[in-house]
Amino acid sequence: MSDPTVAPLFEPFRLGALDLPNRIVMAPLTRSRADHATLAPRQLNADYYAQRASAGLIIAEATQIMPEGQGYAWTPGVYSDEQIEGWKIVTGAVHAKGGRMALQLWHVGRISHPDLQPGGGLPVAPSAIKPEGQAFTETGFKPMVTPRALELDEIKAIVAQYGKAAANARAAGFDMVEIHAANGYLIDQFLRDKTNTRTDAYGGSIDNRVRFLIEATKAAADAVGADRVGVRLSPLSPFNDIADSNPGPLFQRAVERLSELNVAYLHVIEGETQGAREPENGFDLATLRKLFKGAYIGNNGYDPALAAQRVAGGDVDLVAFGRAYIANPDLVDRIRLGAPLAELDKATLYGGGAEGYVDYPALNAGAEAKVA
Ligand code: 8OZ
């Protein structure tokens, strides 16, 4: 028996170049389980994503576009041939189960550590401003350091690499790419005046601070088509020591410019990353949605009832679930049936192998076992 209150989540939706069978999106989730030597995905990762293939869209975990873009141990890349081959195993498994999949393209900027950088170099950023916090390295948590400010020619090279990474993602079988412009990583560091004090064309005015986001997004759109590109923003989140003196006008301008690029979707973390759904000092996010002509994916702390209500009211087109997807591979079925959701085990979130990754059972796992 299906739960009638969640029916709006089961209306199909056209998202850019893709037809989605439902409005339920698997949010990108860092799990730090790539192959340690090559940072390539492998069969274990394919099994995990294939278990979740009933999502309207899977957005695969944040994936560095180049070695310097890494900021956590064992996160996957999409710049080497081995990594592209590894991702083919993943997308093949998801497609074989009828799913659709985007790859989130990531450069962490200053949220890194020399231990994670090629040759032990300094992490790079718009400006040499040290973040508060600890980096997750292969040998444990270590205090972050003052990054090195990027030269102009390096910025151009990173923009080009977003295009290359998008093309690599398509070659690896992904249906779409998502530009990770959220959560205090490199693009967010360019956007905000706490982390960007440049005096060239990439700093100062709002239009200058938005430039890197637009150039990176355009590079991806030129490589794979705007109807296969989405962008994730977190305008209200302080995650990774990020802030802006006036985020309302900044994010309005960013979204206006993204809309001009005709990208398929805007994916918004509507509150504090891993925290409050609706922060007290926020601004009206509905303005952002009005400024964007593509689809809108809402995210952060939704439960199925709120998701259905917001889709039915036209406030959002799709809802991305993060934490719920970790412990509920069959989240779509559970929502349809109004079944209880399993709780995740925090101890197995990052790193390690199959435990806490591919061993969360589906509701009907017992029934399947009996038939087999
Ligand atoms: C939590 C832990 C590690 C990475 C993000 C990619 O904040 C992440 C991330 C989150 O978007």
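**Pockets and ligand site in a predicted model**

Four elements each supply at least two residues of the lining of the largest pocket: strand S5 (101–106), strand S7 (134–137), strand S14 (318–321) and helix H9 (323–327). Helices (H or I, at least four residues) and strands (E, at least two) are DSSP runs, numbered from the N terminus. This is a predicted model: local features need pLDDT of at least 70, side-chain atom pairs count only at pLDDT 80 or more, and totals for chains, interfaces and linings use all residues. Residues are numbered from 1 along each chain as its sequence is written, and side-chain values use heavy atoms, with hydrogens and water left out.

**Largest pocket**

- The largest pocket has a volume of about 1,200 Å³ (the space filled by probe spheres set on grid points joined across faces, edges and corners).
- Its lining has 46 residues, and the closest to its centre are Leu29, Thr273, Gln274, Arg323 and Tyr350.
- A pocket is an open set of points on a 1 Å grid over the protein atoms alone, where a 1.4 Å probe fits, with protein on both sides within 12 Å along at least five of seven lines; lining residues have an atom within 4 Å of a point.
- By class, the lining of the largest pocket has 25 nonpolar, 15 polar and six charged residues (Ala, Val, Leu, Ile, Met, Phe, Trp, Tyr, Cys and Pro count as nonpolar, Asp, Glu, Lys and Arg as charged, the others, Gly among them, as polar).

**Ligand**

- The ligand sits in the largest pocket (more than half of its atoms lie within 2 Å of the grid points).
- Around the ligand are Thr30, Ala62, Tyr72, Trp106, His180, Asn183, Tyr185, Phe239, Gln274 and Tyr350, each with a heavy atom within 4 Å of it.
- This shell has six nonpolar, four polar and no charged residues.
- Ligand oxygen atoms make polar contacts (N or O pairs within 3.5 Å) with side-chain atoms of histidine 180 at 2.7 Å, asparagine 183 at 2.8 Å and tyrosine 185 at 3.1 Å.
- The protein covers 88% of the 300 Å² of accessible area that the ligand has on its own (Shrake-Rupley method, 1.4 Å probe).

**Second largest pocket**

- About 330 Å³ of space lies in the second largest pocket.
- Of its 17 lining residues, Glu270, Asp284, Leu285, Ala286 and Arg310 are the closest to its centre.
- Helix H7 (residues 286–291) gives the most to this lining, with three residues.
- The lining of the second largest pocket has eight nonpolar, one polar and eight charged residues.

Note on methods. A polar contact is a pair of N or O atoms within 3.5 Å; within protein, one must be able to donate a hydrogen and the other to accept it, and residues adjacent in sequence count only if both atoms are side-chain atoms.
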